[in-house]
Amino acid sequence: MTTGSRPLRPGHDAAAFRRHQILRENVIAWILRGCAFSAVAGLLLIVLFVFKEAWPILGDRVTQQEANLAGFFSQPLWQPVSETPKYGFTPLFAGTIKVVLVSMLFAVPIGVLAALFATEFASPRLREILKPCIELLAGIPSVVLGFFGLMVLASWLQPITHAPVRLNAFNAGIALGLGIIPTVFTVCEDALRAVPKSFREASLALGATPWQTAWNVALPAASAGVGAGVLLGLARAVGETMIVLMASGNAAITSGDVFDSARTFSATIAAELAEVVVGSPHYATLFFLGALLFLLTFFINVAAGAFVDRLRRKLAGA
Amino acid sequence: MTTDALRATLRPLKKSRPFDLAGLSFTALSGFAAFLIVAMVAVILGDVVIHGAGTVTWEFLSAAPKEGMTKGGIFPAIYGTVLLVVLMTVALVPFGVGAAVYLHEYARPDAWFTRAVRFAVANLAGVPSIVYGLFGLGFFIHFIGGSVDRALGLDVVFGQPALMWAALTLALLNLPVVIVTTEEALRTVPREMREASLGLGATRWQMVRHVLLPQAMPGILTGAILSVSRGAGEVAPILFTGAAYYLPFLPHSPTDQFMELGYHVFVLATQSPDIDATKPLLYGTVLVLLLITFLLNITAILLRARLRAQLAGRS
């Protein structure tokens with residue numbers, strides 16, 4: 001404490017001390033501003049460097065002879081290490097869609113319904129059990145969910161689904177669903193809890209049953225938040241890597257069957273980047289995939305943010 | 001009308017309601033969804049504990065992998081994980097706390113810079129972890145590391161996957177976690193304390209340093225612990241930035257590669273030539289990883305609960 005402990009002895013230059021103090025305060029403010037800027041810098045650098053390494057796809061002739069935009073969308077095969085490398089996105093696209101679709105169909109109903117249960121029907125004691133379970137599930141590292149999908153889930157699901165291969169898009173989708181349930185649940189629950197109690201009381205007083213109140217009053221009032229939960233879950237599902245890398249079988253084949261092996265955008269990067277030559281067309285292609293992934297999740301997240309704002313305005317106006 | 005009389009008039013109304021099948025099944029369905037979540041968590045944890053508990057012995061925790069990772073222990077992976085999260089925390093916490101203090105105490109809420117920082121924080125949290133891995137490789141290793149090597153005339157020292165680059169990549173990944181939790185903690189400090197401190201003639205920084213930060217310490221710790229727990233479990237960002245499949249020695253410099261628990265799980269599960277021989281080790285490793293992350297998470301949850309109770313008591 002510089003001010004408190006320094007005695008104002010005779011000859012003490014109060015003005016100089018004050019100048020020193022102001023300088024110090026300003027320096028500290030600038031340091032803190034710099035810390036805050038690190039977040040902006042981080043985001044900018046991510047954009048800059050992921051796109052920079054992907055740039056040869058769009059701007060370098062030599063790279064374009066082997067890997068180019070037209071090829072990505074017209075070439076039906078993904079065989080980057082064959083004699084004539086083929087970089088077709090179609091199989092990866094099909095794989096991503098299948099896995100994400102299965103995971104959303106699995107996680108969204110469970111997450112939303114469980115959130116409704118937690119806010120509308122559950123006794124405090126049941127909630128005390130459910131909430132820590134969600135926190136536990138959210139705390140399981142994705143590599144452990146991938147391990148579970150690979151070693152355990154696959155052996156359980158195959159006899160039920162009669163899939164031709166153990167590891168397939170369906171298996172990966174369920175494992176991935178486990179990973180996004182906490183996201184969907186948490187966001188939906190927050191939104192439902194933000195619905196004012198008076199809404200429910202009015203509905204109950206008019207003679208509606210608790211479930212009618214939940215379905216016709218609470219859920220519609222929180223719909224923007226539910227939308228945000230679904231979108232945030234979607235963004236996580238699209239970007240999640242380790243689960244799909246381990247549980248999907250990783251075969252880049254174009255098929256509409258969810259019981260075939262699949263390979264997603266994220267898993268492709270994880271599986272291949274360690275072995276590529278830096279600066280090669282394959283390297284640039286993987287960064288291009290990363291840039292696509294970044295843009296996709298970025299826009300989904302921005303949309304989710306818009307939903308959250310709408311919810312806040314809606315409930316503030318109520 | 002007394003309450004008893006009111007109740008008496010209401011009772012027949014309640015009884016006359018027809019049996020509500022739709023409502024009952026809807027309630028049951030949502031209850032079933034909640035039950036499914038609890039059951040799935042129990043199944044995952046139960047499976048890991050049942051198969052892994054027998055493997056986790058002192059020898060398993062303290063020995064290196066042997067015989068092509070079919071025997072021995074996981075000590076190098078534990079050691080590498082600890083080094084990684086310690087380095088990450090050292091790099092992360094000053095920036096995260098500084099940013100949160102700025103946002104909460106210094107920034108004007110409507111300034112474009114404040115809005116840019118908040119936008120960046122919100123969106124950093126949504127960037128897929130594999131993209132952080134790409135960024136770490138492109139920026140830290142090739143750009144920074146490569147430039148340092150060229151400037152110092154070194155062969156390849158900094159321009160390759162290393163502990164420090166992995167730690168910095170994870171630090172950026174966790175920056176939003178620390179900023180958000182710290183800001184939440186700063187919000188719990190009552191305004192009177194700030195005003196009292198400023199009123200006594202403290203400068204803004206003195207108020208932050210001697211009043212605000214000590215008060216918000218549990219919340220700051222929560223953020224740091226949560227990010228350590230996340231850092232210990234994230235594998236995708238370190239795949240190309242420093243994690244090694246197998247190392248015969250322990251890392252002793254920030255430019256060394258390292259073994260890591262999560263990555264070790266991935267390696268044992270997918271790269272083993274003899275999965276039956278590795279299976280006990282794999283389950284043991286998963287159990288250790290889960291124990292570490294859960295212990296950290298529980299600590300964070302308890303701290304946060306205390307913090308929220310404080311906040312509720314004050315408002």
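## A walk around the rings and the A–B interface

Start by selecting A:W30 and A:R33: the charged end of A:R33 sits over the ring of A:W30, 4.3 Å from its centre (NZ of Lys or CZ of Arg within 6 Å of the ring centre and within 35 degrees of the ring normal). Before going on, note that this is a predicted model, where local features need pLDDT of at least 70 and side-chain atom pairs count only at pLDDT 80 or more, while totals for chains, interfaces and linings use all residues. Residues are numbered from 1 along each chain as its sequence is written, chains are lettered from A in the order in which they are written, and side-chain values use heavy atoms, with hydrogens and water left out.

Hop over to chain B for another one: B:R204 has its charged end over the ring of B:Y106, 5.0 Å from the centre.

Now the ring pairs. Searching the whole structure turns up 33 aromatic pairs over all chains (Phe, Tyr or the six-membered ring of Trp, centres within 6.5 Å; planes under 30 degrees apart are stacked, over 60 edge-to-face, the rest tilted). Pick A:F298 and B:F119: their ring centres are 5.9 Å apart and the planes stand at 75 degrees, so this pair is edge-to-face. The pair crosses between chains, from helix α15 (residues 281-317) of chain A to helix α5 (residues 112-124) of chain B (helices are DSSP runs of H or I, at least four residues, numbered from the N terminus). A:F298 is buried at 18% relative accessible area, whereas B:F119 is partly exposed at 41% (buried is under 20%, exposed over 50%, partly exposed in between, with a 1.4 Å probe and protein chains only).

Next, select B:F140 and B:W165. Their centres are 5.9 Å apart and their planes at 10 degrees, so they are stacked. B:F140 is buried at 11%, and B:W165 is buried at 5%.

Back in chain A, ring pairs link A:F72, A:F73, A:W78, A:Y87, A:F89, A:F93, A:F265 and A:F288 into a cluster.

Finally, show the interface. Contact (heavy atoms within 4.5 Å) takes in 79 residues from chain B and 76 residues from chain A. About 6700 Å² is buried between the chains, 83% of it from carbon and sulfur atoms (accessible area, 1.4 Å probe, lost on being put together, summed over both parts). Highlight B:F26, B:I37 and B:L134: they supply 10% of what chain B buries against chain A, more than any other three residues. How many salt bridges are there across the interface of chain B and chain A? The rule finds 0 (side-chain nitrogen of Lys or Arg within 4 Å of a carboxyl oxygen of Asp or Glu).

Conventions:
Helix = DSSP H or I, 4+ residues; strand = E, 2+ residues; numbered from the N terminus. Buried area = accessible area lost by both parts, 1.4 Å probe.
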